[in-house]
Amino acid sequence: MGINFAKLGLATSQVVLSKSEGHMIRFRVNGKEKSFDGDPDMPLLWYLRDVAELTGTKFGCGMALCGACTVHQNGAAIRSCTTPMKEVGGADITTIEGIAPMHPVQKAWMEIRVPQCGYCQTGQIMQAIALLKENKHPSDQDIDTAMSGNLCRCGTYQRIRAAIHQAAKETA
Ligand code: FES
Ligand code: FES
């Protein structure tokens, strides 16, 4: 299966996938066992989108500056665009596709109609779920701090904050 680097704005020549390096990285994605023997420096985001075909996770900046690529590694929010495959060995990776349907955060997102264009929203939801795992009753300040690395060009921040408060009431 070919990896569509062009889709991510990257030249194929920037990436070397080598089967001969002898690396075998084993990990889980959404509960399923996976193995990867390509370039250990390849970003996890590329694996998720182009190898695993889990395209709910988005590419925004590629530099850990926007949060569009947020997934969970062992339950904590990480930026998959700057997480190399060599750092996911043994880990449980969860993407938006692995979140239970109608998770309280998604329910609140729908009820409050948070998304506008939607591009940033899977990253926002993954970050919010990780926040509520750590802090079941976040204040406005806690939410602003935790979500500060997740940018939304449509300016949905007020609705995101309201949805997190609503989800917190359901999950508490
Ligand atoms: S694409 Fe990863 S933080 Fe922007
Ligand atoms: S909803 Fe459009 S970028 Fe956030």
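## A bridge in the sheet

Which residue in β2 is the bridge partner of arginine 28? The partner is glutamate 33. Strand β1 covers residues 25-29 and pairs with β2 in the antiparallel sense, over 5 bridges. Strands count as paired if DSSP finds at least two bridges between them.

## Model and confidence

This is a predicted model, in which local features need pLDDT of at least 70, side-chain atom pairs count only at pLDDT 80 or more, and totals for chains, interfaces and linings use all residues. Residues are numbered from 1 along each chain as its sequence is written, while chains are lettered from A and ligands numbered from 1 in the order in which they are written.

Mean pLDDT (the predictor's confidence in each residue, from 0 to 100) is 90 for the chain. A pLDDT of 70 or more is reached by 87% of the residues. Over residues 9-21 the value is below 50. That stretch still has 13 contacts in the model beyond near neighbours in sequence. A contact means that the C-beta atoms of two residues, placed from the backbone, lie within 7 Å.

## Overall fold

The chain has 5 helices and 5 strands. Both are DSSP runs, numbered from the N terminus: helices are H or I with at least four residues, strands E with at least two. From the N terminus, the order is β-β-α-β-β-β-α-α-α-α.

The chain holds 172 residues, and 38% of them count as buried. Buried means 20 or more other C-beta atoms within 10 Å of the residue's own; exposed means 12 or fewer, and partly exposed lies in between, with C-beta atoms placed from the backbone. Among contacts with a separation of 6 or more, 63% join residues 24 or more positions apart.

The 5 strands form an open sheet, ordered β2-β1-β5-β3-β4, with mixed pairing. Its edge strands, β2 (32-36) and β4 (76-79), each pair on one side only. From one strand to the next, the twist averages 40°.

Helix α3 (residues 121-134) lies across β3 (70-73) and β4. It runs at about 35° to β3. Axes are lines fitted to C-alpha atoms, for helices over the stretch in contact; angles run from 0 to 180 degrees between N-to-C directions.

## Around proline 40

Proline 40 sits in the loop between β2 and α1 (44-51). Why does proline 40 count as partly exposed? Because 17 other C-beta atoms lie within 10 Å of proline 40.

Setting aside neighbours within four places in sequence, proline 40 contacts His23, Ile25, Pro84, Met85 and Lys86. Methionine 24 is 16 residues from proline 40 in sequence, and 8.8 Å away in space, C-alpha to C-alpha.
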